[in-house]
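Hi,

Here is the structure I promised to pass on.

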Amino acid sequence: MRRIRSNKHQGLVSSRRDFLKLITTAGAGLTLAMNLPLAMAAESTAAAGVDFEPNAFVRIGTDGRVTVLMKHLEMGQGTFTGLATLVAEELDADWSALVAEGAPADASRYNNLLFGTVQGTGGSTAMANSFMQMRTAGATARAMLVAAAAQRWKVPASEIQVSQGILSHSASGKSAGFGELAELAAQQPVPDVQSLRLKDPADFAYIGRSLPRLDRGKTDGSALFTQDVQLEGMLTALVAHPPRFGASVKHYDAAKALASPGVVDVVQIPSGIAVLGHDFWSAKKGRDLLSIDWDESVAFTGSSADMLHKYRTLADQPGAVARADGDAVTALASATTVVEAVFEVPYLAHAAMEPMNAVALVNAAGCEIWNGEQFQTVDQSAVATVLGLKPEQVKINMLLAGGSFGRRANPHSDYVIEAVLIANARQGTPVKLVWTREDDTRAGYYRPMYVHKVRAGLDASGNPVAWEQRIVGQSIGTGTAFEAFIVKDGIDSTSVEGASNLPYQIPNLQVELHSVDNPVPVQWWRSVGHTHTAFSTEIIVDELARAAKQDPVDFRLKLLSQHPRHHAVLKMAAEKANWGAALPAGWGRGVAVHESFNSFVAQVAEVSVQENGSFKVERVVCAVDCGLAINPDIIRTQIEGGIGFGLSAALLSEITLKDGRVAQSNFHDFQVLRINQMPAIEVHIMPSAEAPTGVGEPGTPPIAPAVANALSAATGQRFQRLPLKLNS
Amino acid sequence: MKTPLTLTVNDRTHVLDLPAQTPLLYVLRNDLELNGPKFGCGLGECGACTVLVDGMAARACVLPIGRLAGRRVTTLEGLGTLEHPDPVQEAFILEQAAQCGYCLNGMIMTTKALLMHCPSPTEAQIKAALKHNLCRCGTHVEIVRAVQRAAGLRQDEDTL
């Protein structure tokens, strides 16, 4: 080992191996896989023959610890806590005995029920997918524990009570904890799912309560992120990527890099030149010393300004039809008043606080990966293909992710394959690929840039009679394994979602799409198409209300009479915000309502405009209907977080291209929301008995249009591009 | 020839045979194996790497170790553990002030520094102190509450 572990200094710090043990203990179940020697890669994490594992999701130890295996990535959205709540509820477990552990990649056991055969996290599906599945898993375990107690105590199962992790029989006075019965429970037959009786919602003890989160260890450094993984003999790799998308290496000279202290190797891979060092700083300095001659003959040399011009031209022409109700063209021609606007939104980086990274080891047995994976089996399959392995030879150890917002669900497995190809060049050596913030900002997979052109018309009574919307931008789904699911008849649903299902009652409504082909890599970004469709549609609705001389809330409520959940959240947000009440001079109030991922969110934003032309978002009042509320505290924080994420895009962030080069590089020029810019936020959760839906994304779409509408109310200006700027 | 440097981290002294310009963060993470301080931007722009140097918040990713002779560096690990947390860590736990948690090291260390010289900060002072620490998840509301709790300004309110 290097430096600090030289003989001279040995004993000053613990060895890397000891350290691994240390974090394993501190990180509890989350890091259980880290216990395993690498040679045992393919083996299960379960201790054979002792624990009670009634199904793929629950493991109860003789110590009474209840481990819930999480097929979904914990990236901050609280899914570990939400899913464990479902198990604990039906199991009648003691919450303090619950531990969350990332499940391995295995589509046969851990596929997302809403993604078909794919194991992955996205589309705010974790709770919707898991509501019945995890409750059933908990109920199964409970039934087997009860059967074990009945057998041991020789009493009828029907007389046994379970509460807070204790089984008891009142007539005989017997009681036992889950741990004491675990071995016997493991010998019971697994009950038929049909025989299980899930709880009546009236009896819920945990669902609906703000239980403390299970992703612990984030306050003391013991929680393990990919960036924290350190393995014996591990090298750190940094990659020099091409300066333009589509460029490739013509020639490179690594002599200076290889001579730099701590650099071990330089490897060419399809995505660039990788420098491997004993540590991050050595690899970084080595990368700075590379001399690379890039072949940019086929590279993309476009600029955002030119692309926008092209997009705007396309928006004047008919596109592929995503929705056609009535005859929008004729209705527009005969409308009394027509409102028209062209909207522009830029490319956006996800900019998770933890830049992209992955640890990979390739050896004769296969490949082992340590990563916070949003797309376990997509990556598993892609890695198997690139290495010529079977998927089951690719083992994925799940870690926490320091944010993701969609980025770690790359349909091309970009950064994971990059890590694996570097590791493949150094077989037997674990390699940690680290992207610097500059790499993360410039290597792409952005929320696509879009242009929307919308024309909408009112009749003489102020009723909307026509809506024509043309959307221009890159397709996220085309060319990916998801194309068949996402793209139908030339329409990428992720480009038009939120517009093609516009809920307002408008008799003549047409939505069209131009999918533009260019090589800037694009991907889903928290709330995907809704990020731009909510912006354009909710601003136009406000402008229609203004043209009709009607209140924006009343105008919407009338048009949403067929959509009770939209209607209810809008009404709630307006009431709680005291809609219509006087505001201080220079302030404005704006509203937006939008459904995404089957959750319904309305937001009222209040802004203040200063005399110097700057403005501030002061307050946001939000109502959310996500069905049955599992953990109100997590719902509230996810909605707050979605608002904060959306405000970054509304106020600050944009990725621009100049001659094919990304203009931004780090947080000084790709700005994100700061704590002093976060408004006061109120979140009101609608009471509901509907099955729960997701909250990770739906808080994001309404905030940009709500703020734009508030600014319009304050200034009279119109807003048609993000990030929002006032005219001077 | 490099001259060995002495670095005091969490009350332990390390003698390091490293170039003086090596940024502290990489020494902490790679050599001293302290995972609390996080790599987020490498330019002192996000605050995820924040440590205390003689009680002042500092950006470890742009702080050369050669400038730390005779100074005391404290990392998140030096504050407390999950079982025995520092009052600031405890306040963040009680307020559930983490989503992904990657920024939290910086939030906690900056709060620690703030409360040492400003024990009862106003909300505006809290936001001014933390505005250079980025949080992408939007946990800002809970983070402000955690600072208030750590300062004893929220002790009577119910949490979980």
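Read along the sequence, chain B runs β-β-α-β-β-β-α-α-α-α-α, which comes to six helices and five strands. Helices here are DSSP runs of H or I with at least four residues and strands are runs of E with at least two, numbered from the N terminus. With a radius of gyration of 16 Å, close to the 15 Å from the globule rule for 160 residues, chain B is as compact as a globular protein of that length (radius over C-alpha atoms; the rule is 2.2 Å times the number of residues to the power 0.38). Of its 160 residues, 62% count as buried, meaning 20 or more other C-beta atoms, placed from the backbone, within 10 Å of their own.

A word on the source: this is a predicted model, where local features need pLDDT of at least 70, side-chain atom pairs count only at pLDDT 80 or more, and totals for chains, interfaces and linings use all residues. Residues are numbered from 1 along each chain as its sequence is written, while chains are lettered from A and ligands numbered from 1 in the order in which they are written.

Now to chain A, where three strands make an open, mixed sheet in the order E1-E2-E3; strands pair if DSSP finds at least two bridges between them. Its edge strands are E1 (58-60) and E3 (98-102) of chain A. Strand E2 (residues 66-70) of chain A runs parallel to E3(A), joined by five bridges, and Leu69(A) stands opposite Glu101(A) in E3(A).

Happy browsing!

Note on methods: Buried ≥ 20, exposed ≤ 12 C-beta atoms within 10 Å, placed from the backbone.
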